[in-house]
Amino acid sequence: MSPTPSDTEARREIRNDLVSGALCLALSAGLATVHFGQSGRLHEATGREPGPALLPEILLLLLAIAGAGLLFRGLRGNRDAGTEPMDMRAALTSAAPPLLALLLLASLLPLRSVIGAGLAFALVGAGLAVLAGRGEKVSILRTAALGGAIAAGFQAVFSHALSVPL
Amino acid sequence: MIDLLAAMLASLTDPVLLGLSFAGVVLGLVFGALPGVSSTMALAVVLPFTYGMETPAAMMLMLAVFFASVYAGSVSAILLNIPGTPGAMFTLLDGHAMARKGQAAQAMAYALIASILGGVVGWVLLVALAPVIAAYALNFGSPEYAAVVFFGLALVAYASSGDTLRGLAAGVIGLLVGVVGRDKVTDVPRFTFGTADLQGGIDIIPLAIGVFGIAEALNMLSRRQDAATAVPASSGPTWPSWRALMPELPTVLRSSAIGTFVGAIPAAGSAVAVALAYAVEKRLSKRPETFGTGLPRGVVAPEAANNACVGGALIPMMTLGIPGDSITAVLIGVLLLHGLRPGPGLFESQPDLILTIYAALFVAIVLTALVAATLGISVYRRILAIPHRLLLSAVLVLCVLGAFSVRNATVDVWVAIFFGGVGFAFLRLGIPVLPLAFGAVLGPLLEDNLRRTLMIHGDPWVFFERPISLVLVVVSLAVLLVPTVTSAILNLRRERQ
């Protein structure tokens, strides 16, 4: 029997709880390591309550509690929902274009120092437009040209009209 | 009152301010009408253009974009059956049904009239209530202020997605972002990872651009857009007669009051307000079964409510420094950028700015009425035809440019990109992004007041000894704990059965 939409939704919620709970716990543990590993005045000052470590420590504890709560809820839901494996393929496939877009944005700064701001913005704008227009029945070249022109136009406005030193 | 009239007159006669408001209205109408582009994304895109402006000019532009985009969300709801903004999700039920009957222009006329009247009611309540609340809040000590911030965060965690635990996690992460940098009292660095760039903390504007602009654009990018839906044919603008309009006025007043008060609750937002306004009107109706079949009242109620929310959301922002929604979180960032901390102190130190904000919203309402009334469906048809691929590319590029322009610093670009990724991950995991931004805005405020309270009183029990802080802390704890505990008990009972 194929799963109903409500089953799929419930499994998605369980997956979301598990992933977010694990991430919260990992973040809390990682930041706690950074926080408690920091030598010197941070912890000396804690002696004079309320010191600079007071709120971070309360927050790290709260984050760990929230993470543990989410993980617990996810594990309980997973146990109740049975052992059917979760299909992560669709979630990962639809996350690929946004990740590619983030990489394109992140490449802007290094590209800017190599080929100049105008060309870097044009290239990244073209790439983003092509990525957003994937699957549409439109000319890739035209999309890239328009996307690049718009991005270069914005860069010019900021650089010349608003005097932003790009 | 005379001061307010003078401020409004000054805004209406200053060509620069008037021009900025007009530009903001046009941009707001375009962005709001585009499906999937929220008002917050519109503000994130317009934000960089305000950096070089004086504060009144920046507020004039931003509030115009805010108000006009909220109204324009109804356009794609009526014409395409896709809500342009979350506040328009109930407008489409009757609005698009009217459009299918060939009454798109009538539906848009009802939406415009209700939006403008709702905006005016929200504005009147803002002008009437904000000074009273601010005067009261001026008597708050640090325990009350810390409790107000805690209360705001608790409401945000509870209301922003319906899942308190995920909201709490997002809010705590936001608060942790707020403590990054050198401590103001002891100058000790916290979570700076040894980099000089983070010593001054994380600026709220690049963070807001990341979580509201980049993350939303990435989320749209991950979904394949449907092919453009045909805009239904309709005659030219058709204004309802007075006789048709008069029975809708009580609906406008009720829905506007609901919109203003819900808008004033942090994070409740326009989506909650429109749902409540629609439900109330349906319940009061003698023929509730006609809702959803193309009833003008089904357009009037949500549209009056969502535009009244604008005034409502400004109340906690201006009087307590607590954002009413994601848009006012961005507006707080703009004020902070100009060296101003919103809150009751602003009413004493910057009375002229307060009047300018009132005037800016009023001018935005008037200009939205004038501009939107002259636009025909053919204009909206052209706006709706803008290809998504070019729009998304432009939004992402503008977000990067905007982040860099805050301080001309590359670290702000990295912050925006990083929080864009974080915001996208949150959206995919069903974690609300709003508490993250709220936490980052309110983190320093909470820490200042918490530490001041403990330094002065030396004992955390002071929060339970003063009546206002006691009520706020108890209600906040109830808001955070009751839903989680209740759901856990219900689950246990279900298991035992």
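**Is A:Ile58 buried, partly exposed or exposed?** In this predicted model, A:Ile58 is partly exposed, because its relative accessible area is 37%; a residue would need to be under 20% to count as buried. You can find A:Ile58 in helix 3 of chain A, which covers residues 54-81. Along with A:Leu61, A:Leu62 and A:Ile65, it forms a nonpolar patch on the surface. Together, these four residues have about 350 Å² of accessible area. Here is a handy idea to keep in mind while looking at a helix: residues three or four places apart point the same way, because an α-helix has 3.6 residues a turn.

**Helix 9 of chain B has a kink.** Follow this helix from residue 204 to residue 222 and you will pass through 19 residues. From the first C-alpha to the last, helix 9 of chain B reaches 26 Å, close to the 27 Å expected. The kink is about 30° and is centred on B:Gly210. What encloses this helix? Helix 9 of chain B is largely enclosed by the rest of the structure, because 18 of its 19 residues are buried. Now look at the start of the helix, where a side-chain oxygen of B:Asp203 reaches to within 3.0 Å of the backbone nitrogen of B:Ile205.

**B:Phe193 and B:Asn408 are two residues with a positive phi.** B:Phe193 is not a glycine, yet its phi is about 55°. This residue sits in the loop between strand 2 (189-190) and helix 9 of chain B. B:Phe193 counts as exposed because its relative accessibility is 53%. The phi of B:Asn408 is near 55°, and the residue is found in the loop between helix 18 (388-407) and helix 19 (410-428) of chain B. With a relative accessibility of 39%, B:Asn408 counts as partly exposed.

**B:Glu248 and B:Arg297 meet in a salt bridge.** Side chains of opposite charge can pair when their charged atoms come close. In this pair, the N to O distance is 3.0 Å. Why does the pair tie together parts that are 49 residues apart in sequence? The reason is where the partners lie: B:Glu248 is in the loop between helix 10 (242-245) and helix 11 (249-264) of chain B, while B:Arg297 is in helix 13 (residues 296-320) of chain B. B:Glu248 counts as buried at 9% relative accessibility, whereas B:Arg297 is partly exposed at 22%.

**B:Glu281 forms a salt bridge with B:Arg254.** The closest N and O atoms of this pair are 2.8 Å apart. B:Glu281 belongs to helix 12 (residues 269-284) of chain B and B:Arg254 to helix 11 of chain B, so the pair ties together parts that are 27 residues apart in sequence. At 2% relative accessibility B:Glu281 counts as buried, while B:Arg254, at 33%, counts as partly exposed.

B:Arg182 and B:Asp187 form one, with their closest N and O atoms 3.7 Å apart. B:Arg182 is partly exposed, with a relative accessible area of 36%, and B:Asp187 is partly exposed at 44%. Another view takes in both chains: a network of salt bridges links A:Glu13, A:Asp17, A:Arg73 and B:Arg166. How many salt bridges are there over all chains? The count comes to 14.

Note on methods. Residues numbered from 1 in each chain as written. Chains lettered and ligands numbered in written order. Predicted model: local features only at pLDDT ≥ 70, side-chain atom pairs only at ≥ 80, totals over all residues. Heavy atoms only, no water. Patch = residues over 30% accessible without salt bridge, like charges linked within 9 Å, V, L, I, M, F, W, Y side chains within 5 Å. Areas by Shrake-Rupley, 256 points an atom, 1.4 Å probe, with all protein chains shown as cover. Salt bridge = Lys/Arg side-chain N within 4 Å of Asp/Glu carboxyl O. Helix = DSSP H or I, 4+ residues; strand = E, 2+ residues; numbered from the N terminus. Buried < 20%, exposed > 50% of the residue type's maximum accessible area, 1.4 Å probe, protein only. Expected span 1.5 Å × (residues − 1). Bend = angle between axes of the 7 residues up to and from the residue. Polar contact = N/O pair within 3.5 Å; in protein donor to acceptor, adjacent residues only side chain to side chain.
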